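I am opening my notebook on a structure that is new to me. I want to look at its cores, a strand pair and its aromatic rings.

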Amino acid sequence: MCTEHDKPLELFCKTDQTCVCMLCTVLDHKMHDVVPLKEEYEGKKVELGKTEAEIHQMIQKRRLKIQEVKHSIDLSEEDADREIAECVQVFTSLKESADRGQANLIKTIEEKQKITKRKAEASVKELEQEISKLKKRRTAVEQVLRSEDHLHLLQSVQSLNTNHSPPTKDWIEASVHPSSNDVVKAVVQLEETLSKPIKKLLPESEMKRVHQYAVDVTLDPDTAHPNLILSDDGKQVNIGDVRKNLPDNPERFSECASVLGKQSFSSGRFYFEVQVKGKTRWELGVARESINRKGSITLSPQKGYWTIVLRNEYKAANVPPVLLSLKSPPQKVGVFVDYEEGLVSFYDVDAAALIYSFTGCYFTDKLFPFFHPSSNDSGKNSAPLIIISPVRVN
């Protein structure tokens with residue numbers, strides 16, 4: 001009842017956010033936005049129902065993220081165990097100086113793993129705290145929803161919005177990444193003291209390491225230059241003599257006869273292999289999403305391309321270009337990217353040898369596999385670039 005006019009509270013003033021009687025609307029709320037109390041009640045009830053559903057979804061997402069973070073701890077520990085095993089295998093062939101390096105390296109790996117684990121556990125704890133807060137908010141909403149008191153519900157909505165705002169942290173990108181391979185870094189530093197068998201063992205070990213990050217890559221026809229011919233399975237590309245009449249969409253290369261992979265990567269590590277056997281010219285690597293695809297292009301990290309090139313000789317498309325001295329022409333090229341480390345490496349797969357690495361890269365965009373089969377070269381370069389799938393793991 002209205003205490004001032006002794007009338008039923010049948011209306012709700014949206015302007016003042018209060019319940020009023022019919023007489024109030026004439027005297028005190030004449031120019032205000034007034035609606036029937038039942039209408040406002042039903043509207044707020046629907047709104048709270050949606051809020052409850054949203055909170056439930058937020059809880060579920062955080063529970064899934066906890067599982068993901070815990071799983072990443074296991075993967076990180078497996079990585080640490082594998083690196084320690086590699087470390088032991090390599091350094092047992094060294095003399096006293098290498099033995100000291102082995103002990104230091106194991107300690108470094110274990111300390112990095114402890115840090116990684118602590119960070120992950122802190123994330124889990126924070127997620128659990130958010131779930132606890134969300135549960136309290138859901139309980140408060142449920143209590144209000146059970147109320148048949150119109151006035152109590154309307155008054156409680158503002159209190160809930162003020163005092164029980166949900167967590168705003170976005171956990172979508174939260175993850176725990178395995179530590180970088182410190183074995184390789186340590187062995188490079190000790191290169192002068194390594195014996196020939198150890199130098200042979202290291203690339204083989206490195207190839208096994210990158211193989212575990214193999215991904216299934218297919219070509220994206222929406223990005224392909226009109227002269228390119230793509231296989232039906234999206235695994236092969238070569239250049240044709242006829243320019244197809246294709247839509248000039250923003251994603252498509254207009255002058256450079258190139259194509260990108262469908263898959264994009266914005267974190268973590270990935271690896272794929274491409275057969276270049278029988279080709280006399282090609283360009284291969286990764287490119288960022290924001291590259292210019294219209295007109296002529298320049299292959300360089302500054303322009304968003306990390307590639308190696310065969311044009312009479314092998315080069316890394318850096319600034320300036322780096323001439324590559326290879327013992328033999330690679331038949332299959334492996335491409336490995338560590339997004340967080342800023343690393344793009346190319347391997348001769350059959351020789352288990354590193355061809356070239358771009359280091360100290362700074363990635364902000366999504367990265368896409370990049371393929372350029374180059375000109376036909378009077379039929380000498382008619383062989384396609386072929387994506388190897390699945391990658392053979394030794």
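A nonpolar core is a set of buried Ala, Val, Leu, Ile, Met, Phe, Trp, Tyr and Cys residues joined through side-chain atoms within 4.5 Å. I note that the model is predicted.

Entry one: cores. I looked up the largest nonpolar core and found 36 residues in it. Trp282, Ile308 and Phe371 have the most contacts inside this core.

Entry two: aromatic pairs. How many does a search of the whole structure find? I get 10. I took the pair of Phe253 and Phe370. Their ring centres are 6.2 Å apart and their planes stand at 65 degrees, over the 60 that edge-to-face requires, so I log the pair as edge-to-face. Phe253 sits in the loop between strands E5 and E6, and Phe370 in strand E15, so the pair ties together parts 117 residues apart in sequence. Phe253 counts as buried at 1% relative accessibility, and Phe370 counts as buried at 0%.

Next I checked Phe272 and Phe371. This pair is tilted, with 6.0 Å centre to centre and 55 degrees between the planes. Phe272 lies in strand E7 and Phe371 in strand E15, so parts 99 residues apart in sequence are tied together. Both residues are buried. I also found Phe253, Tyr305 and Phe370 in one aromatic cluster.

Entry three: a hairpin. Strands E13 (343-348) and E14 (353-358) pair in the antiparallel sense over 5 bridges. Ser345 stands opposite Ser357 of E14. The hairpin has 4 residues between the strands, and Ala352 takes a positive phi near 50 degrees.

How values were computed:
Residues numbered from 1 in each chain as written. Predicted model: local features only at pLDDT ≥ 70, side-chain atom pairs only at ≥ 80, totals over all residues. Heavy atoms only, no water. Buried < 20%, exposed > 50% of the residue type's maximum accessible area, 1.4 Å probe, protein only. Pairing = 2+ DSSP bridges. Helix = DSSP H or I, 4+ residues; strand = E, 2+ residues; numbered from the N terminus. Phe/Tyr/Trp six-rings, centres within 6.5 Å; stacked < 30°, edge-to-face > 60°.
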